[in-house]
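Have a look at the picture, then read on.

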Amino acid sequence: MKKITLIKGDGIGPEVTACAKKVLDLLVDDLIWTEVSAGLETLEKYGELIPKAVFDSIEETRLVLKGPLTTPIGEGFRSINVMLRKKYDLFCNMRPALTIPGVVSRYEAIDLVIFRENTEDLYAGIESRTDEDTRHSIKVITRKGSTRIIKAAFEYALAHNRHKVTLVHKANIMKETDGLFLQVGREIAKAYPDIVFEGIIVDNMCMQLVMNPHQFDVIVTMNLYGDILSDLCAGLVGGLGVVSSANIGDNFALFEPVHGSAPDIAGKNIANPIAMLLSGAMLLEYIGYYNEGKALRTAIQEVLKDPSNHTTDLGGKCKTDAFTDAVCKAIAIGG
Ligand code: ATP
């Protein structure tokens, strides 16, 4: 038996989380869900952006599957997502960018994993106005924060037979902050002699990723660069509809798609649920259901072999619920 907090989220969140719950329940029969509401719609209905019940549930289950949340402007904190990552110290944001056979994209056989530090950097939220025309934002990088994310990247590389870790920085300009991150990376790399380590400046990294993404393997970087690079990598494998993420700390873990609430397509039954489903696969693997996670990935690949199962973002006409049914059928056939 495993308890999971399910946050449906805003926009396309309810559609894609309903799909994920249905599919995960088919794969594992002892998941106990606590469904809680948060976000813009919750604020409109109940006057609270994140009701206490959400925190209570997360603190009980310590495991969250979450749809995208919208933070209205002027609500006290800049982003609910950033707040949850900080509150539960979910320092490790892991974002795989993996080619899914059947999804048409510019490149073939991409298999990258980004480790993004999730709690520091310009996301520390330390901003001020010195006068009406001057604004400051403080970048915070610590040895502790750098060490734990870089170690997580190396440990992942070791456990998954990955050959290289690329650390992305701008230490030529931000000599103190990015300089510390790079220095910690160099120190940690010494403990992993079988894994190639390289540092690369973020602007060059963007160009290299577009020109020859296959030269990379595991990528580790700070919060803001990680945010930008993971969207770039999503573009390498077919877009936001197919990329998942895990936010992992020492005591809590939260799984969510990389995409936002997509208000332009919400409520139309046309959202691609693959990103949400793959986030569910990551959750299953995190709690030890490796075969079930694999079965879900295989089912998605099987379903995508038929272009009539492609959602609009992938160039097809398939609806969210029809895609969900096709995945359920593929799982049932796969046994
Ligand atoms: P937010 O501010 O919540 O991040 P956004 O509109 O800036 O929202 P996304 O919600 O990620 O960013 O959407 C970016 C684009 O990608 C939109 O055109 C959206 O429709 C599309 N998109 C995002 N997720 C999906 C999905 N699962 N299926 C299909 N299209 C998607």
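Predicted model: local features only at pLDDT ≥ 70, side-chain atom pairs only at ≥ 80, totals over all residues.

## Buried or exposed?

Now try it on N272. Its relative accessible area is 5%, so N272 is buried.

## What N272 is up to

You'll find N272 in the loop between strand 12 and helix 9. Its side chain has a couple of partners: a polar contact of 3.0 Å links it to the side chain of D313, and another, of 3.4 Å, links it to the side chain of T311.

N272 and D313 also turn up in the group of residues around the ligand, so let's go there next.

## Around the ligand

A polar backbone atom of G260 sits 2.6 Å from a ligand oxygen, and for a backbone N or O atom of S261 the distance is 3.1 Å. D264 uses its side chain instead: an N or O atom there is 2.9 Å from an oxygen of the ligand. On its own the ligand would expose 610 Å², and the protein buries 60% of that.

## Two residues with a positive phi

Back to the loop between strand 12 (253-257) and helix 9 (274-286), which also holds N269. Its phi is near 60°, a positive value in a residue that isn't glycine. N269 has 24% relative accessibility, so it counts as partly exposed.

D121 has a positive phi too, near 70°, and it isn't glycine either. This residue belongs to the loop between strand 5 (111-117) and strand 6 (127-131). Is D121 buried or exposed? With a relative accessibility of 1%, D121 counts as buried.

## A nonpolar patch on the surface

Finally, take a look at the outside. M207, V210 and M211 make a nonpolar surface patch of about 310 Å². One of them, M211, is part of helix 7, which covers residues 202-211. M211 has a relative accessibility of 61%, and that is why it counts as exposed.

Conventions: Residues numbered from 1 in each chain as written. Heavy atoms only, no water. Patch = residues over 30% accessible without salt bridge, like charges linked within 9 Å, V, L, I, M, F, W, Y side chains within 5 Å. Areas by Shrake-Rupley, 256 points an atom, 1.4 Å probe, with all protein chains shown as cover. Salt bridge = Lys/Arg side-chain N within 4 Å of Asp/Glu carboxyl O. Helix = DSSP H or I, 4+ residues; strand = E, 2+ residues; numbered from the N terminus. Buried < 20%, exposed > 50% of the residue type's maximum accessible area, 1.4 Å probe, protein only. Near = heavy atom within 4 Å. Polar contact = N/O pair within 3.5 Å; in protein donor to acceptor, adjacent residues only side chain to side chain.
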